Amino acid sequence: MEMTYQSLPLFGESLDVVILHCQSLAQIRQQDGTLLVFKIILKTFWCRISRSMLYMKEHHAFHKEQLSPSRLNKPLFLVGPMPPLEFQHCESAAATITCGYSLCWNKSGLRDVILGTTGRKQGTSAKGARYPSTESSLCKRRLLEIFFSLEHEGAANEPCKETTYQEYKPTFTFPGASISKTTTNDSSAQSSPKIEFPVECANATVKQTCPLDYPLKHDTKNIQAEVCPEYFRWIHEDLQPWKATGITREMLESIKSTAHFRIVVHKGKVYLDKFRPAYQTREEFTFWGIVQLLRLYPGTLPDLELMFQCEDQPAIKKNDYKGSKATTIPPLFHYCGHHTAFDIPFPDWSFWGWPEVNVKPWESTLSAVKDKAEMIPWKDREPYAYWKGNPTTSRSRGELLKCNDSKKNRLESSLDWGREMAEGFKHSNLEDQCTHRYNIYIEGIAWSVSQKYVLACDAMTLLVKPEYYDIFSRGLIPMDHYWPIRPHQKCRDIKFAVEWGNEHPTQAQSIGENGSRFVAESVKMKYVYDYMFHLLSEYSKLLKFKTKVPPGAVELCSEVMACPFGGSIRKFMDESMVMSPSDALPCSLPPPYEPLELKALHERKENVTRQVEMEEAQHWKDFEKRSSSWWSWIYHLCCS
C-alpha cells in the first residue's frame, strides 16, 4: 500500500536512526485520507543520558495473519533519545526529517527496520518514500498496527545502562535475507557493527605510508563456510603441472624477464617488485585487487611469491617444456589460460574497474546492468543479435561484421576508437547495451573481459567458441548458460540461433536468465576474492623455498595505492575498496575432478553442442528443400 510521508519540524533537532523521539508528534497520512496520530511522551526520569536505551518489548507474539507476507524473527522494539552529536545531521537537514520507517541491508543479510523519525540516510524523505527502492516488503499499515499493539508498561521498569549508539540500533532478521549462503551454528547471534577502515591520505608534503591500525588478523565468527561454486575445481587442474615437482626458486626466477612484476606476501603484508610497466592501468588494479583480498581476509594467506604477466595472450607454451624440461616449468600468473599453455588464470583487473574505457567496478556494473535489463521485458526487446566492440583486434571479429543483416542482426562496432578514447567512452556504458534479445560474445586478441558483461544482460548469449578461458568460463554449459556458435560458420549459426529463439521465446529467455544468474550469483565479488584466496593458498603449498622480500620491493596497501591518484582511478578504487575484514570464512574449496568426472564434463558439453549443430543442419536442409520446390514452381509457372 502506497503512503505519503509528511515532514515534521523537530525543534531544530535532526535524528538519524531512533525508533521514537522524546516528546515528538509523528503523523502519517494513509491513502484513504484518515490521519493516524501517535504521540509518545517520555517522562523526564527515563534515562537522561544520551546513550541510554529502553527496551519496550523484547518479544511479542504476532497473530498469524500479521506475519504474512514477511515474518519478523525475534523483533526488538527500542526507544532511544537523541543520538550523540557525531551521528546527527546538520541543522539545515532538519526540514527534511520525516516520520516513517526504513529498511536497510547490511553485509550479513540482516535488515534494520526503523519506525519513527528518520533522516535522509535511510531514504525516507518525502520524495524518496515514493520510489520503489524505499518500499518495504512489510506492509506499512501492518507495521503501525503491530507498534500500537505493544504494551508500554514494561519500558519504565527496564534498568538503564550505558551503551554505544550503534549497539542500540534495532535489528530484525528476515528469513532468506542472507546475502551469502554462510550459516551460523548460533541462531541467536546478533549482528554487531563493523569497524570500517577508510583510506586516510597524508599531507602532500609527507610521504604516504601504510597505516599501523589495520588488523593483520581477524577472528571469524562461529560460521560454517559453504562450498564454493563448481568452477573453483579448476584451480586444482591449473596447478597440476607442479603437483609432482613442486616449485623451486630457480623456476620462479627463470620467468622474470617475461613477467611484469613479482608479488610477495610475507607475514600478512603484501610487497611489490616491479619489473616493467603494463598496458594502461591493468597492473594498478591487479595490485589493488590483491591488497583488497588481504583487507578482506587479514592474516589468512600464507607466505608466498609469484610472478605475474599482464599481456593478452598466455606466455608459457607447453611445447617449450617437453622431455627434460618438463620438470622446470615456470609458474606464471595471467588473466587467461589456453590448452597449449601453462599460464595460471587469475581474476582480471576489470573486476575493480577499467578507467580508460569507463568500465566501473564489477559490483557497480553488475547492479547497473541488472537494473537496465529489468526496465525492458525480454519480449519487448529488439529481436536481433547485437554486438559492440573493436573489430580490429582479431580476424574473427572482422569477419563477424560481414554477418550484419539489419533484418536479423545488429552488429555495432566502434570504428572511431580514437574519438571514443578521447571522450572517455561516455557513449559506451555497458548497461545501455541490454536492449536486445541476443548478445554476441567473441574473443579479441585473446580472451575478453566483456564476457561477464554480455552474460549479465539477461539476453541469450551467442558465444562464439573461445580458444581461451578465464577463471569462471569453464563453468559455463552450452544451452544452459549460452548458445554455442562455431567460429568458421558464425553468420549461419547466428542467423539460425536468432530464428530459433524468436520461435521458442520461453526457452531462449531461460538460457539468457541462466547465464545472467550464473555471473550474478557465482561470480559475485565475494567469490572472486574467495577464488583468489584458494588459488594463492593452494599455490603456496607447492613452493619449495622460503619466501623473502627482495631489496627494493615496496609494501602495498590501500593508502599507498589510492592516495597518489585522482579522477576515475581514485573513484574506482574508493568504490571497490574493502572497508572491513570479513566475519565469515572463505567458501570451502571443492575437491579436484576425478579423471572420469572431467571426461564426462567434456563429453556433456560436446554432446550438447553437437546436438545443436545437428538441429541446425536439418533446419538448413529443410530450408533448401523448400526453396528448391519454390523455385521449381516458379519455373514451371513461367517457362512451361
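The second largest pocket has a lining of 37 residues, and Lys465, Pro466, Arg474, His602 and Lys605 are the ones nearest its centre. The model is predicted: local features need pLDDT of at least 70 and side-chain atom pairs count only at pLDDT 80 or more, while totals for chains, interfaces and linings use all residues. Residues are numbered from 1 along each chain as its sequence is written, and side-chain values use heavy atoms, with hydrogens and water left out.

**The pocket**

A pocket here is an open set of points on a 1 Å grid over the protein atoms alone, where a 1.4 Å probe fits, with protein on both sides within 12 Å along at least five of seven lines; lining residues have an atom within 4 Å of a point. The second largest pocket holds about 1100 Å³ of space, a volume being the space filled by probe spheres set on the points. Its lining takes at least two residues from each of helix 3 (234-238), strand 20 (468-469), strand 21 (483-485) and helix 15 (595-639). Helix 15 gives the most, with nine residues. Helices are DSSP runs of H or I with at least four residues, and strands are runs of E with at least two, numbered from the N terminus. The lining divides into 17 nonpolar, six polar and 14 charged residues; Ala, Val, Leu, Ile, Met, Phe, Trp, Tyr, Cys and Pro count as nonpolar, Asp, Glu, Lys and Arg as charged, and the others, Gly among them, as polar.

**Helix packing**

Two packed helices are described by the angle between their axes and the distance between the axes. Axes are lines fitted to C-alpha atoms over the stretch in contact, and angles run from 0 to 180 degrees between N-to-C directions.

| Helix pair | Angle | Axis distance |
|---|---|---|
| Helix 5 (282-296) and helix 14 (567-576) | about 20° | 11 Å |
| Helix 5 and helix 12 (525-540) | about 90° | 10 Å |
| Helix 10 (490-503) and helix 11 (505-522) | roughly 115° | within 5 Å |

Helix 5 is thus roughly parallel to helix 14, and roughly perpendicular to helix 12. Angles under 35 degrees count as roughly parallel, over 145 as roughly antiparallel, 65 to 115 as roughly perpendicular and the rest as oblique.

Contact means heavy atoms within 4.5 Å. Glu284, Phe285, Trp288 and Gln292 of helix 5 meet Ile569, Phe572, Met573 and Ser576 of helix 14. That contact has five nonpolar, two polar and one charged residue. Towards helix 12, helix 5 uses Gly289, Ile290, Gln292, Leu293 and Leu296, which meet Tyr529, Met532, Phe533 and Leu536. Here there are seven nonpolar, two polar and no charged residues.
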